Structure formats: C-alpha cells, structure tokens
Amino acid sequence: MINQIWTWLTDGANWSGDDGITHRLVQHLWYSGLSLLIAGVIALPLGTWIAHSGRASWLVTAANSLRAVPSLGLLFAASMLLSSKFTGDTDLPYLVPSIIVLTILAIPPLLAGAYSGVREVDPAARDAARGMGMTGGEVLRQVELPNALPLIFSGLRSATLQVIATATIAAYIGLGGLGAFLRDGIALNEYDAAAGASVLVAVLALAADLLLGVVQRLVVSPGLRTTRTRTRRNRRADATPAAAALGPTNARS
Amino acid sequence: MIRFEQVTKSFPATGGRESMVAVDELSLEAPTGQITVLVGPSGCGKTTSLRMINRMIDPTSGRILIDDQDIASVNPARLRRGIGYVIQSAGLFPHRTVVDNVATVPMLLGTGRKKARDRAREVLELVGLPGDFAERYPSQLSGGQQQRVGVARALAADPPVMLMDEPFSAVDPIVREQLQDEFLRLQDELGKTIVFVTHDIDEAIKLGDQVAVMRVGGRLAQLAEPAYLLAHPIDDFVADFVGRDRGYRALGFSEAPNLPMSNEPSVPLGTTPEEARAATSDRWLLVVDEEVPQGWVEPARIEAPIEPSMLDRGGTVARVHGPLRASLDAALSSPSRRGVLVDDDGRLVGTVRAADVVQAIERVERPEIDPAEIAPTAAPVE
C-alpha cells in the first residue's frame, strides 16, 4: 500500500495538467487561504473589539456553537440555496458555498483567539497604560494587541489546520482541490490516489502550521516567550526527581 | 499643589449592588514638592481619591485643581501624560524591554525613539538599575526590580506630580524597606509633588510629609504631619488605626540632643586575649575595625585573637544626632547595656545608657496640639 502511494506520488504524469496534483494543490491552497483571509477580516477585529470594549461577549459563545454544525451538511445546504443565484460560465456556484462553509469553520477559533488574547492581558498593564496617558486606540495597538499575539496565533494555527483538512469536501460539490482525488479515487477504486491525496493534505496542513510557527516566533515579543519557557523548564526540573522516584511505570514523560 | 474641593464620588447601584459613596466631601491640599500620604482601611476611598487626580475616575461632585487649574477642563490623556503613575503590581508591559517600558511616556509625548531611550537609561540608573537591565524583559526581573522600573517609568517624562498607589506593598518586607529608603532619597533630590496611597500606617508615617487618615465611607478623619498624628490622634478611630507603640514610634521624629556619652574603650579585630583583658575592667568590650564598631566580646571568655565570628552582634548602632528612637534602641539592644553611637561616617563616638536617653526623651516637647481640635465643636463624633 505504501509502495502504491509512493508510486502515485512520484509519478510525474500525476503532477501535470488540469487534473494534476500541482494544479489541485494550488486550488486547495487558494480556497483555504481565501477562506482564512475572509474569516480573519471578520473575526480578528470583532474578537478584539469584544474583548477591548467588554461588550457582546455572547457572540464568542455563539460562534463557538457553530463548531457543532457538520461542514458537509452545511456545504450541501449552502450549495442548494445559492447555486441557482449565479448565471454564466463561472466557478462561482461552487466556489461561494465552499468558501462560506470554510469561513464559518475558521471563524470560531480565530474569534476565540483574538477575544481571549486581548481579554487576558494583565489588567495592571492595561491600567498603567491608561494611567500613563494612552488613548483607547493606543492601549489597543501598543499594549493589548502585542500581548494578545500568542493566543491570536494559536487561534490562527488551529483554524488553518481545520480549513486545510476540511477543504477536501469542496470537491463533493464539483470543485477541485486535493479533495477531488479522494472523491474520484473512492468512486473509481483508485485507492492509491485517494490515500496519496490524504497524505498530501496532511503534509500541507503541517507545512502551513510550521510556517505560521516560524512567523509567530518572528512577530511575538521574546518578553512574552520567556515566562512560558521559564515555567516549563522549572516544571520539568521539579518533575524529574519525582518521576524518578515513582519508577518507570509512572513516569509519563 | 493639588487641591480637593468637597469632592464626592458615588457609584450608582448596579445589578443587585446598592449604590455606594466611595469618597464623601473630601477637601484637602497636597502641597507642592511634598509627599501626601492617603492611608486607611480598605474601602475608605483612598485609591478612588487618587485615581480622581488623573481622571481615571471622574468625581460625582466637587472639583480637583492642580496648580489652580480645574482638571475637569483638561483632556484626560493629556493630563495623564503630565502625571507620573505607579501602581501596586508595577503593571509593566510584558512585551517591551525595560528600557522601552520606561521610554513609553516620552514617546507618547512625541520625543524621538533614540532620545526617549537615552532618557530612559538615565532614569533607570537613578532608580538603581544600571546597564544591562535595560535590555531585559519584565518577566526576567524580581518583584522589587519590577517596582523600580515602575517608578522609573513614571519619572521618565519628569512630571511635576506623581501618583503612587501602594507601590511597595507587593514586595517582601526587606525589599520594601530598601525601596522606601531609596524613594525618600530620590524625593530629596527631585522634590516632586506626590500623592501616595497605602494601607500601612507605618509606611505612611515613614514616607509622608503629611498624612491623611481616611475612614470607611470615604471621609477624611485627620490630616496632619506624622509626628502630630502620633501625638494627637483626633478620635478613637484614628488612635486605633495609628496603633500601639505610637509613643515609641513618635521618637523616630525627635532628633537626639547632646546625650551624656561615655568614652568607650575599644580594641581592633585581631587583638590577643591578654590585650583584650587589659583594655577594660568591664565584662563586655567593644571591637572596632578602622574605628567602625563591629560588635562586643567578653574578654574573659576568649582564648584566641579576636575574629569576626566571636562577636556578639546583638546591639544596634545609632547616629549621634539621629532619632531618639534609634539611640534608645541601641542602648536597649546592646549586650553591655551601653548603646553605641557613631558619627555620619559610621565611626565610633561613644556609648550612652538607656536611662540617659529616657531622661532626654522626657525633656523633648511633644507637638503642640492645635487648639481648634480641642474646641468642642471641631471634631464630629460618630
């Protein structure tokens, strides 16, 4: 099986053309990226504003309950409702429902990340910022947002993983992307293609996460990192003798 | 000068909580260049009063004036940039280095980054955090160091007025005392107009040029200089709050007159037992190192040349014209019952006995009571 997947993945012919891996990979990235962008434009300012103003925090809970909606069902529903609204020779009847579903999927983690990130800024730092004469906007830009970045990034990374994985379902309403290999592979008993595409989706998701991790390291202040690394190190130091004393069966790490 | 004119702050009733008067008709003046301490139990409105000075809270009625200008007419952000603000847990920005934390207000005021950082380094040096501290992040500092950065940050734009809300109460007692001493030294140099909030009466008495004792419900109970407050608490509440030992603590404000001193024989470290026994007929002998007192030994009990580890270090040391409290303590704590007095450079001058200090104490005038306070109408009784 692994050999078959490997053969499929390394066969140059599978990579070229409109139905080739390269093209579908780019499509996959395009749907995912577009959905994440739209979700970010909606969720990040909204989450930040909710936390900064302390108003409408029920929205975060409401958005979270969206996670319970099954994406595939939502996709078919959106497609049925919307596809008749587009005319002419375009991808839009397929693209718009897919993007809506993926956007809805990405909003809850992004919103929660932005909200809790700003929310959990040390109240003393916020108080000091105001007391030193920062305006509301300056407090937000200079204190709240930079301190919220670690949680904003963790929201973004979890949204990215989910969107890239779920974007495969766009193929079920006639759109491309890596999901097309899955759909066709299962229908035509070409399991090497289906499994190979699954591997690609996983690799893509991990690569995106890795990339975001690198960006996070560059963007987030080292001052916010030190606390965490230091506590972790301390904790490990504390844990080691205890773990040794408990013996190998109980040592979890 | 900061002036409160019949300032009241009440918070309206919200969701099940009754409306509450936090500050009630407060009138007081914080003189220019001095430290005014607001002290009282929790719920007395001291922090609310402080936060009304930089408009973090706006009063319900009454006026607050800084140098005769009503602060209600000044834009809050602009007002705050001209007032130093230090809070209990320092409130440093964790994502900024120490030097960038300190440079915050100058940058808000439009100073260029380079100049603001240079200024920040100067101020950091002033609060005892030189050199490489500047590039650290707050999470890499101890509580006491963070608090120093908090003070430096408030001083960076050189504001004439500073507001300090329990700045030293989150650190351990030894560091707190250090910070207090350095704060007083700094204030001697800078002469800011400071309003300082604390719940600790000892801190209030130590730091305040004047102390405002507030009672629950936001009313001013008494405003006086520390020595006066200790000598004449206006009512039971203030007397209770000022606490026990106030007679003894008040001695901290009385400088010692010329106490009758005796010449104390002393020997340097390294003296042999024979020399030590020859130096005195008393049971205890004072040991010095380059004239600076180190401790006491019993010549009869030593068998080797005197080393630091043999010394009894129980006795405290007082400056000749320092507070009477220190002179008395030196006498009481000394194993020989003779209190060691030194000059400003720490060199031995002589010793004094407790009885002589007490005699001097009895001759010290207590602060004269203000006649208005004994008039029957003056003090409202609850």
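This is a predicted model: local features need pLDDT of at least 70, side-chain atom pairs count only at pLDDT 80 or more; totals for chains, interfaces and linings use all residues.
# Reading sheets, helices and interfaces

User: What is the order of the strands in the open sheet of 6 strands in chain B, and which are its edge strands?

Analyst: Reading across the sheet, the order is 6-7-8-3-9-10, and the pairing is mixed. Strand 6 (83-86) and strand 10 (219-224) of chain B are the edge strands, since each of them pairs on one side only. From one strand to the next, the twist averages 15°.

User: What is the strand order in the open sheet of 4 strands in chain B, and is its pairing parallel or antiparallel?

Analyst: That open sheet has the order 2-1-4-5, with antiparallel pairing.

User: Which residues of chain B does UniProt list as "domain: ABC transporter"?

Analyst: The unreviewed UniProt entry lists residues 2-242 of chain B under that label. Over those residues the model is 37% helix and 25% strand, with the end C-alpha atoms 25 Å apart.

User: How should I read the packing of helix 8 of chain A and helix 10 of chain A: at what angle do their axes cross?

Analyst: Two packed helices are described by the angle between their axes and the distance between the axes. The axes of helix 8 (residues 136-166) and helix 10 (residues 191-219) of chain A come within 9 Å and cross at roughly 165°; as angles over 145 degrees count as roughly antiparallel, these two helices of chain A are therefore roughly antiparallel to each other. The crossing of helix 8 and helix 10 of chain A is right-handed. Among the residues making the contact are Leu149(A), Phe153(A) and Arg157(A) from helix 8 of chain A, and Val201(A), Leu204(A) and Asp209(A) from helix 10 of chain A. The residues of this contact divide into 12 nonpolar, 2 polar and 2 charged.

User: Which residues of chain A does the "transmembrane region" annotation cover?

Analyst: According to the unreviewed UniProt entry, the annotation covers residues 29-51, 58-82, 94-116, 159-182 and 194-215 of chain A. In the model, residues 194-215 of chain A are 100% helix, with end C-alpha atoms 32 Å apart, whereas residues 159-182 of chain A are 50% helix and 0% strand, with end C-alpha atoms 22 Å apart.

User: How many residues of chain B are in contact with chain A, and which helix of chain B gives the most to that side?

Analyst: The interface brings 23 residues of chain B into contact with 20 residues of chain A. Helix 2 (76-81) and helix 4 (104-108) of chain B each supply at least two residues of the side of chain B that touches chain A, and helix 2 of chain B gives the most, with 4 residues. The residues on this side of chain B divide into 11 nonpolar, 8 polar and 4 charged.

Terms used
Residues are numbered from 1 along each chain as its sequence is written. Chains are lettered from A and ligands numbered from 1 in the order in which they are written. Two residues are in contact if their C-beta atoms, placed from the backbone, lie within 7 Å. Ala, Val, Leu, Ile, Met, Phe, Trp, Tyr, Cys and Pro count as nonpolar, Asp, Glu, Lys and Arg as charged, and the others, Gly among them, as polar. UniProt positions are given in the numbering used here, feature names are shortened, and annotations may be inferred rather than shown by experiment. Two strands pair if DSSP finds at least two bridges between them. Axes are lines fitted to C-alpha atoms, for helices over the stretch in contact, and angles run from 0 to 180 degrees between N-to-C directions. Angles under 35 degrees count as roughly parallel, over 145 as roughly antiparallel, 65 to 115 as roughly perpendicular and the rest as oblique. A crossing is left-handed if the near helix is turned anticlockwise from the far one by less than a right angle, and right-handed if clockwise.
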